[in-house]
Amino acid sequence: MLTKTIAPEKQQAFSKEMEAELVNILQYWTNHAVDEEHGGFFGKIDNNNTVHKRAPKNAILSSRLLWTFAKACNFYEDRSYDGPCLRAFEYLYDNFKDPYYGGLYWEVDFEGQPVDKRKQVYAQAFAIYALSEYYKYSKNPDAAVWANNLFDLIETYSRDQKTGGYWEAFNEKWGPSEDMRLSEKDLNAPKTANTHLHILEAYTTYYEVNRSKRVRDAIQYLIELFLKEFFDGNNHLKLFFSKDWKSLSHEISYGHDIEAAWLLLVAARTIEDDDLIESTEECLKEVAKTFINEALDKDFGVINAKDAETNKTDPDRHWWAQAEAIVGLLYNWTITNDSNYFRISEQIWAFIATFIIDRKNGEWFFRVDRAGTPYGSENKIGPWKCPYHNTRALMEAIDLLKHG
């Protein structure tokens, strides 16, 4: 018989290790990332903790920092991170908020002046996510009003009323954009799984502070869309789409597979839809099985990606995918009663502790190769390197170990 019965002292030891690392990460960002001269936080710090003071500052990093410190305040139920939380909110509000056309600019320079005014829907979603978490802590009415405005903008401009889903990006005035890519490595596709996933995540937290039918319906719609369009028959996400839902890529991203599966379950539970809870539990069960069979190497490191057409793999281990794996598998442990998922989560954590955590300079390496050697050219802080994935994973995992 399958069982999730794990000795309490074993769960406590696992949780204690992650609690200590959570403190380490938060301290790294408060000690190294604060830009005292120009406000907010630095836009770039390299692998050796060298600060690039004139690096631009991105909406993703800035929103995720606000979410991280707001979530930490709510997680600890105290004001330990009130200072950086307020700093993150004020910088985002004062420097990224477009007073003319609404929404967030994509990027500002090191002095806080906008240098890229495009409206990436992914960034608008992360701002809703961060502002909602911050409002839960601070009750700051400016955060609530801005989150409401951003929700309206996404639903007005990004929601595709003809073929469904959400458009990827717009120009400054919310008009068509020729280049819709989040980064240079992405396809220039009008619809992506990544943006839809983080709209869903944002709306899920937003619903906790704005329990309107409109928000609930949008969450329900997104969950059903993921189950219908995004997951293929092999328990992998299709990542890039044409406007009429033709898949444009053969890439499998293992981190996104397991991340999407547990976020769908959380969303379904948040809106308390029994049918969708059942469907998303089944989705997570199947995705977790496939993930363990395909994504884990012998050392329990999570490989980055595979081309489904050629079967060629990218064996690098990116920090965020390791974090997502722990959360997804622990959620699956709680719903399947199979202790194997707990044990594999422990082994992935051991991989993180051995190879991903930078014991010398702090925080986590962006990625390591198959031998566990870190890439020295990657940043510790950058547009895509921030404390969102690892702090979120640690807080989720600690809660699961304590409360199930």
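The model is predicted, so local features need pLDDT of at least 70 and side-chain atom pairs count only at pLDDT 80 or more, while totals for chains, interfaces and linings use all residues. Residues are numbered from 1 along each chain as its sequence is written, and side-chain values use heavy atoms, with hydrogens and water left out.

**Helix α7**

- Helix α7 covers residues 213-230, 18 residues in all, and reaches 24 Å from its first C-alpha to its last, close to the 26 Å expected at 1.5 Å a residue. That expected span is 1.5 Å times one less than the number of residues; helices (H or I, at least four residues) and strands (E, at least two) are DSSP runs, numbered from the N terminus.
- V215, A218, I219, L222, I223, L225, F226, E229 and F230 are the buried residues of α7. Buried means under 20% relative accessible area, exposed over 50%, and partly exposed in between (1.4 Å probe, protein chains only).

**Nonpolar core**

- The largest nonpolar core has 138 residues, and W29 and Y203 have the most contacts inside it. Such a core is a set of buried Ala, Val, Leu, Ile, Met, Phe, Trp, Tyr and Cys residues joined through side-chain atoms within 4.5 Å.
- Leaving out residues up to four places away in sequence, Y203 touches I128, F151, I154, E155, Y166, V215, A218, I219 and L222; contact means heavy atoms within 4.5 Å.

**Cavities and pocket**

- The structure holds 2 cavities of 30 Å³ or more, and the largest cavity has about 70 Å³ of space. On a 1 Å grid over the protein atoms alone, a cavity is a set of points where a 1.4 Å probe fits but cannot get out, and a pocket is an open set with protein on both sides within 12 Å along at least five of seven lines; lining residues have an atom within 4 Å of a point.
- α2 gives the most to the lining of the largest cavity, with 3 residues.
- The largest pocket has a volume of about 1,100 Å³. Of its 45 lining residues, S183, K185, D186, F366 and W384 are the closest to its centre.
- α6 gives the most to the lining of the largest pocket, with 3 residues.

Terms used:
Grid points are joined across faces, edges and corners, and a volume is the space filled by probe spheres set on the points.
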